[in-house]
Amino acid sequence: MSEIQKDRKTLAGVAVPDTELVASALAHARRACEPYLYNHVVRSWLFAARLGQLRNIHHDEEVVAVGTLLHDVTLNERFNGPRRFEVEGADLARSFARESGVDERRAQLIWDSVALNSTPSIGLYKEAEVALCTAGICLDVVGLQYDALPPDEVQQILLAYPRLGMKRLMTQCFCHIARTRPETTYDNFARDFGERLVAGYRAPSSVDSVERAPFDE
């Protein structure tokens with residue numbers, strides 16, 4: 001089970017913590033994100049929270065809230081690196097957590113949740129908080145574990161926070177990153193958008209990197 005917060009509210013049918021930290025993260029996400037992206041991060045939070053509840057996973061609800069709500073603060077067409085957008089976003093989320101009085105252990109869990117949000121092959125096997133953030137985000141982006149939630153609950157969340165053309169708008173952001181900061185995409189999923197949708201994009205091969213390593217053998 002989760003570490004139940006004393007103050008709670010129901011959002012789109014999901015019981016979530018109603019604390020100063022969560023309210024501040026919501027407000028920060030609303031300021032930082034376009035409307036479609038804000039709805040995405042809130043849905044991701046609600047999906048993550050509900051997955052944790054249905055599976056009786058012991059976790060820190062506030063960490064999951066902050067990690068999901070702030071995971072895409074750098075996913076926009078203003079992004080200018082220098083590192084991959086998830087790492088830049090993770091640093092911002094951790095700074096937000098520290099400034100809000102969150103201790104270092106919890107702040108690091110938030111950093112991991114954001115940095116690994118698009119790497120489910122790792123994130124799903126991390127701490128419960130990171131795994132739940134990853135699961136909620138992936139459910140909303142690619143439908144991973146879509147059938148784990150009752151259909152009526154999914155629809156209630158979608159009605160409260162509609163997608164607003166997310167597939168098209170998110171694709172534009174990934175293409176912008178691949179076009180303007182290709183060096184941040186070579187070892188992550190944004191590479192797929194560059195290779196398929198961005199003219200002139202060409203990622204280096206890991207095979208070449210191994211072969212050119214500066215060692216005699």
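The model is predicted, and local features need pLDDT of at least 70, side-chain atom pairs count only at pLDDT 80 or more, while totals for chains, interfaces and linings use all residues. Residues are numbered from 1 along each chain as its sequence is written, and side-chain values use heavy atoms, with hydrogens and water left out.

**The hairpin**

Select residues 8-11 and 14-17, which are strand 1 and strand 2; helices (H or I, at least four residues) and strands (E, at least two) are DSSP runs, numbered from the N terminus. The two strands run antiparallel and are joined by four bridges; strands pair if DSSP finds at least two bridges between them. One place to look is Thr10, whose bridge partner in strand 2 is Ala15. Two residues lie between the strands of this hairpin, and Ala12 in the turn has a positive phi of about 50 degrees.

**The cores**

Next, select Val42, Trp45, Leu46 and Leu75, the residues with the most contacts inside the largest nonpolar core, which has 59 residues. Such a core is a set of buried Ala, Val, Leu, Ile, Met, Phe, Trp, Tyr and Cys residues joined through side-chain atoms within 4.5 Å. Buried means under 20% relative accessible area, exposed over 50%, and partly exposed in between (1.4 Å probe, protein chains only). Helix 2, residues 35-54, gives the most to this core, with 11 residues.

Now centre on Leu75. Not counting residues up to four places away in sequence, Leu75 touches Leu37, Phe85, Met170, Cys173, Phe174 and Ile177; contact means heavy atoms within 4.5 Å. Another core, of five residues, lies apart from the largest one and includes Cys175, Ala178, Val198 and Tyr201.

**The aromatic pairs**

The structure holds six aromatic pairs. Rings of Phe, Tyr and Trp (its six-membered ring) pair if their centres lie within 6.5 Å; planes under 30 degrees apart count as stacked, over 60 as edge-to-face and the rest as tilted.

Select Phe85 and Phe189, an edge-to-face pair at 6.5 Å centre to centre, with 70 degrees between the planes. Phe85 is in helix 4 (residues 85-99) and Phe189 in the loop between helix 9 (166-180) and helix 10 (190-197), 104 residues apart. Phe85 is buried, at 3% relative accessible area, whereas Phe189 is partly exposed at 25%.
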